[in-house]
Amino acid sequence: MRLVQKSLCLLLVVTASLALLYLHVWSAKPYSAVDLRNRPDRAPEQLLGEPLLGPSNKFAHIPFRLKEEIVELLPRNLCSCEVGSGGKLPFPKQLFNQLYSLEFATAFSPAELAQIHSSRELEYQSYRQRTQSPAEQLLIVRANSPLEYPAQGVEVRPLRTILIPGLSLQAASSELYKVTLTATLGTFDVAAVVEGVKVEGEGETRLSLSATQLDHLNRQLQFVTYTNTLFHPNTADTVQFATDGHQASFTIRIRHAPTPKLYNPGTPGDGGDYNISALVTIATKTFLRYDKLRALIASIRRFYPTVTIIIADDSQHPEPVGGPHIEQYFMPFGKGWFAGRNLAISQVTTKYVLWVDDDFIFTPRTRVEKLVDVLEKTSLDLVGGGVREITGVTTTYRQKISVQTGGEEGDCLQTRQGYHHLLEGFPGCVVTDGVVNFFLARTAKVLEVGFDPRLSRVAHLEFFIDGLGVLHVGSCADVVVDHASKLKLPWQKSESEKQYAKFRYPTSGDSSVSTKHGLFYFKNHFKCMTSN
């Protein structure tokens, strides 16, 4: 009996020991907390004692003369959209490209403007805090510093370790040489220990190195490592590098490398020609105009019989449009222009998407291969062509878009007809910011910008304004698509054509224009616009 009791006691002791060991090994590991909240009081650290911009007090006693023609070119953070009077010429905008201005605050009533303005300002400040990176912070290298360090190009994956290249001290003769490195989002260490060098702060945010021999210290600096300890998928750490009487700053970018999204270009054609069917999808949005849509498809099939055509359709009484390599997606009635663009392009699986209106007609001059060649051989993301009207006039609608920084009231949007410069190697092509509604684009870049679905009836240039700073845009005037004739006498129009015109061309009292101006004011932080 005693033998059984002893065995049971031994079994209980062993079981309890194993349970304790299991709990110790598999207990939840402690994780450090990271504060990712937007903090209005968390301003970027001032790295230098005196202002970075503006005249230094050190030279205040030295006279100077301003060059007004150059000063006018500098940003002032205070813009306006005032334009001069163009006299009383008839149709000044249409015939003489006269500048005009729009004030977007007028999209709101005086009673609601104050609340809209306050809400916009809060959202804008939150956006700036969320999107600004320490890698964008201005750093000024002081003159005659004995410190050598990487100015840019140092990058580490989140929570990973790297050697910091280029660290060195070029100092005059001294009894003791000492440097320190300080970070906020990571820690320092050394991958090797050099004889005669004292290392303090290994594994901490501040590392100190000292030695009586400069060569030994510089040898040790070659083994300094940085480990990111506070996770963020895309940010930067500002490192302070200092020695006696000197301090410098440089950034270490912390980010995951962007995951590539590659598209199979297909097997090249005879002679190495582009496989257009594998590279390009044609997308369009249709509304009530099935006769025009079928004419478009027939013209495409004359030149590109196997290219996929994607149709977004928000007609009231949808009609299936059949045929090989055609995808038709139905939407709620009158859902809108930009919503349809989003739907159509979201279904594209090829490298490029060619956007066309549903009343275009392909001709021998509609050479998609030329547009593909431009995007394949340049850094452009989008390239437009020309649209030939029934009158014989071809429109490219090239627009230069810019934004002048304003104050709390908002920024100033400027659009001007024209382009920035010629595209070398491609005669007839230029670099610009906005183009006509016939363009080939990298699918991934168009999806990145997107189309605001609140713009349901009147919109085009808004896409390029949203894409400013994201899209690199070109235009080639020698790739042309025809525009079906819109000239019809009133009594010759069908009921669907009359209904289409009612939706397509809103009256002056329609809310679509005020909706667009309201989005400019709130979403884009614009207070006004000038254009020709």
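A disulfide (a pair of cysteine sulfur atoms within 2.5 Å) links cysteine 429 to cysteine 476, with an S to S distance of 2.0 Å. The link is right-handed, with 110° about the S-S bond. Cysteine 429 lies in strand E23 (residues 429-432) and cysteine 476 in strand E25 (residues 473-483), so the pair ties together parts that are 47 residues apart in sequence. Strands (E, at least two residues) and helices (H or I, at least four) are DSSP runs, numbered from the N terminus. The model is predicted: local features need pLDDT of at least 70, side-chain atom pairs count only at pLDDT 80 or more, and totals for chains, interfaces and linings use all residues. Residues are numbered from 1 along each chain as its sequence is written, and side-chain values use heavy atoms, without hydrogens and water.

Cysteine 429 is buried, at 2% relative accessible area. Buried means under 20%, exposed over 50%, and partly exposed in between (1.4 Å probe, protein chains only). Cysteine 476 is also buried, at 0%.

A search of the whole structure finds 3 disulfides. Cysteine 81 is joined to cysteine 528, S to S 2.0 Å. The torsion about this S-S bond is about 80°, so the disulfide is right-handed. Cysteine 81 lies in the loop between H2 and H3 and cysteine 528 in strand E26 (residues 526-531), so the pair ties together parts that are 447 residues apart in sequence.

Cysteine 79 and cysteine 412 also form a disulfide, with sulfur atoms 2.1 Å apart. Both cysteine 79 and cysteine 412 are buried. With the bonded cysteines numbered in sequence order, the pairing is 1-3, 2-6, 4-5.
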